Amino acid sequence: MNQNGDDVVAVRDDERTLESLREQSVGNEKPGAALYRSERYQWPVRTQTGDAAAMTHADLMVETGHERDGTMTTWQYRARLEHNEVPACDAGVEPGTPLLVYRHAQTSVAVEASAARAIPVQAHAFARESFIDELAHALHRDPVALRLQHLDTQRDGGARETIRMVTERAAWGGALAAQVEPASPWVRGRGFAFDGEALEPGAPLSSDEKGSLPVRVTTGTPNPGADSWTAWVVDVDVNRETGDVAIRRVVAGRGSGEPGAARVSGLPSWQVADAVERSTGVRFLARSAHDETGVGNGDAAVSHELSVAGRALNESTAGTARTLTSVEADTIERAAAPAAAAIANALFDATGVRFRAPPFDAERIRRALADAPSATLAGAPAQMRRPSRWRRWLAGGGIGGVMGGLIGLACSILPGPAPIAPISIIDTSLWSPATLERGRQIAAAGDCAVCHTAPGGKTNAGGFALDTPFGTVYSTNLTPDAQTGIGTWSYEAFARAMREGISRDGSHLYPAFPYTAFARMSESDMMALYAYLMSQAPVRNAPPKTNLPFPLNQRRLVAGWNWLFHDTRPFVPDETRSTQWNRGKYLVDGVGHCGACHTPRNAIGAEKGGFAYLTGGSAEGWDAPSLVASRASPVPWSEAALFDYLRTGFSAEHGVAAGPMAPVVAGLATLPESDVRAMAHYVASLSPPVDAEVSARAAATRSIATDAGLTTLGFENGRRIFEASCAVCHAESGGVGHFGVRPLMGLNTSVAQASPDNLLHVLQHGIDQPATESLGYMPGFGDVFDDKQMAELASYIRARYAPGQPGWRDLESASAGLRSRAH
Amino acid sequence: MAHSSPPAGPLTLTVNGVRRTVQGATTDTPLLYILRNDFELNGPKYGCGLGQCGACTVIVDDQPTRSCVVPASIAIGREVTTLEGLGTADALHPVQRAFIDEQAAQCGYCLNGMIMSTKALLDRNPEPDDDAIRDALRFNLCRCGTHFEIVNAVRRAAQYLRHEGVHESER
């Protein structure tokens, strides 16, 4: 491994240190005798001699003695500039020299005096973080776990917390999203790196303190009293043939402070792009990832998605025009320090080839990969983790080549999915508050509790009866109760259920559970949701069993349904669209599962695609209106109106969210505003643009509907009922007002819709659970008016307030039908 | 819908400036029931129970509210004013005094709503003309037919308030 061993500069003192340690460990006869490892790294450096600038390299050497479990007891580090013939090593450490991030029993840092200022902080971070990654892979240890092993739980709390929060955000350890096809030259990998400093003012660093823990010095960054840590997780795609590198995602967070109170803040996208460009020589456009909350409200994102410059919208460079102060520039340098090592580590993960000197440009990578023995590539860590082609084919339901009837047969003959072993107990203290909050938001956006809470029952304890055209499906208990809930579900089992609709025991879930949408969710969102659900209080509640009639009670048939209709691919952002649009689409198509109600379904309950997307469906006996250029809305929906409606449950130009939409809005009200704006932005983009002035005029005209002449056409009874019962809240004028909003019938979608169901629902049952309390309440009139009166009232409202629409037929029986439905 | 019922528990409301707590009420109990049955404030009347007649009108945070159709929970953290909060028999609110002076009651059942709505109207529009008065009280039902007297009372109340300059601060 020590390919450069001969080049290591001998320093007498350090050798003695090593020798003495060797003796020690022999003397103690420890079973895990110390192992040694040394590596050499290079970093390009621009030196300034007088007026002449020259490029040279910094030589960075790391040598450790370590146990078999990876515990590095000694740490020797030497740095010098390549052109210096005689290394004049200086044991003293000057400001700006490598900081010891990790704790070892013995450390020795030697940086050439003349090189101390020329070598940037990133170089030291690159050497250190690459080395630890190499050691971890050699010992088959997780690189993050190995780092945490060298950070003290008490004194390095802030550093540990930063690592924890960033790796959680990046779903470190999870499967890499969107598997590349086996035949493709592209391979995928992920790397981690970390850097930072603890400010312990006034402590001079002596580099050779035997047995003592390192004391860190500051670089004079004027942020007294705050530790500062940065962690990067980089996802790369590498083309094995051309050496091209595509950085797909960067999760980078800066943390400070103490565990518990720690908060990770992101980096501006342009900084990420700058750092990546320095390491790869390629300019990528970076922008907030689609699973990043809070896009557009000024906070720097933690997770960024990158694309090759020129293809994507140029929206990420907004912040660069400003000139930076030297302090800011220094902060930025520090924050970008782990970038090179994270990329190198990701390259190794993808290809099995270690790159020990930046830049990682296509030509160098191509040559290195061409020189590498083919076994290296096959042994790349990411390749080893990848399930075999055969297994993926099976997991994807690839039982193909048969006609529809045979699919069912095949499904009932072939063995079903395997159960995933139960886990005994899960340590919920593992997850950071930030992850739990993300999980809460995801649960709110996905309205888990709406379907998984029985009326009057405990939240998420299941038992809600969902009426489907195929029978009643009862929702399951989502609380972490071991017997009746998901307490024994591992993350793998949870993610499989969410993405593939397969329960932990291997049985298929009915697609009433919208895993078809949840498959779009990103890995880190899925993990955060799991963390949140598993951290809730367990509730022992065994919901009723779902018993659909034969043959639907054969759950294996769902495998065939999945094969026909379920697309397991995760969300892929559209580079030509804005960050906000992508965020909105991700929420709408993914966890928000809007299509579950608003997209029409075919005869066997699958959402139709293509032009039918979001053009209106049904839910729980309610009509879910089209979200695309809806003809039922008297005034076209603008982005602002959509936002009002989604955020507050009321749009003055359209009406109130009621029925199954009310709890959806109640959930959206707890999300960051920018997420709801993104959803409104995306949904509005599906329809032709709306001129705000034109629609405001249309709204003004439509709201003043006259009933002149209607009374002579047999609407007299309906008019009287309306005046007596409805007008107090719904007339255009009159009264002194009342608590809540005043929805006008002339603008109301439920009045202009083709079906009277939604209007009759509200007339009979009122709105006793408004989306948000400030909307006010409506009493139900089901016990006051009989079906004939209901029909008269609805006919009158329709004739007066939707004059362009044909009158509804059979209102009396429609009203009677609704009444017989259990509500 | 999967909303869970609001749990029964102590419910604390601020009514006429006084914080009061009721035990064992569910949060979806209509505000009117709590006011009349628990707080013994019988100014607001139970009329239709459907928000149509206006006899139950109270004022929640300056907003006239039909207390029979809103749950008591909406009043949590808000100020509730009932007829009792306007004035007392010894110190009548100008609106109350105007209704007495005009003898605007026959059976009097609707008067709580008429008076509360008038107060809300005059807070917003201190000098309403007859059309404005009729439009404002259009959805307060009176079965006895004292509509003329009621309109006169509103006019007189506006006069009293202008004269006394108290329409902002009386309650």
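The structure is a predicted model, in which local features need pLDDT of at least 70, side-chain atom pairs count only at pLDDT 80 or more, and totals for chains, interfaces and linings use all residues. Residues are numbered from 1 along each chain as its sequence is written, while chains are lettered from A and ligands numbered from 1 in the order in which they are written.

As for scores, the model comes in at ipTM 0.87 and pTM 0.80.

Where the chains meet, chain A puts in 29 residues and chain B 25. On the chain A side, two or more residues come from each of helix H14 (448-452) and helix H25 (716-730); H25(A) gives the most, with four. Helices (H or I, at least four residues) and strands (E, at least two) are DSSP runs, numbered from the N terminus. Sorted by class, this side of chain A holds 16 nonpolar, eleven polar and two charged residues. Ala, Val, Leu, Ile, Met, Phe, Trp, Tyr, Cys and Pro count as nonpolar, Asp, Glu, Lys and Arg as charged, and the others, Gly among them, as polar.

Chain B itself splits into domain 1 (9-85) and domain 2 (94-164), with bounds from an automatic or database domain assignment. Taken over C-alpha atoms, the centres of these domains of chain B are 22 Å apart. Their contact draws twelve residues from domain 1 and eleven from domain 2. Strand S3 (residues 57-60) of chain B gives the most to the domain 1 side, with three residues, and that side has eight nonpolar, three polar and one charged residues.

Back in chain A, helices H15 (residues 491-500) and H17 (residues 523-534) pack at about 115 degrees, with axes 10 Å apart. Axes are lines fitted to C-alpha atoms, for helices over the stretch in contact, and angles run from 0 to 180 degrees between N-to-C directions. Tyr491(A), Phe494(A), Ala495(A) and Met498(A) of H15(A) meet Met526(A), Met527(A) and Tyr530(A) of H17(A). That makes seven nonpolar residues, with no polar and no charged ones.

Terms used. Contact = placed C-beta atoms within 7 Å.
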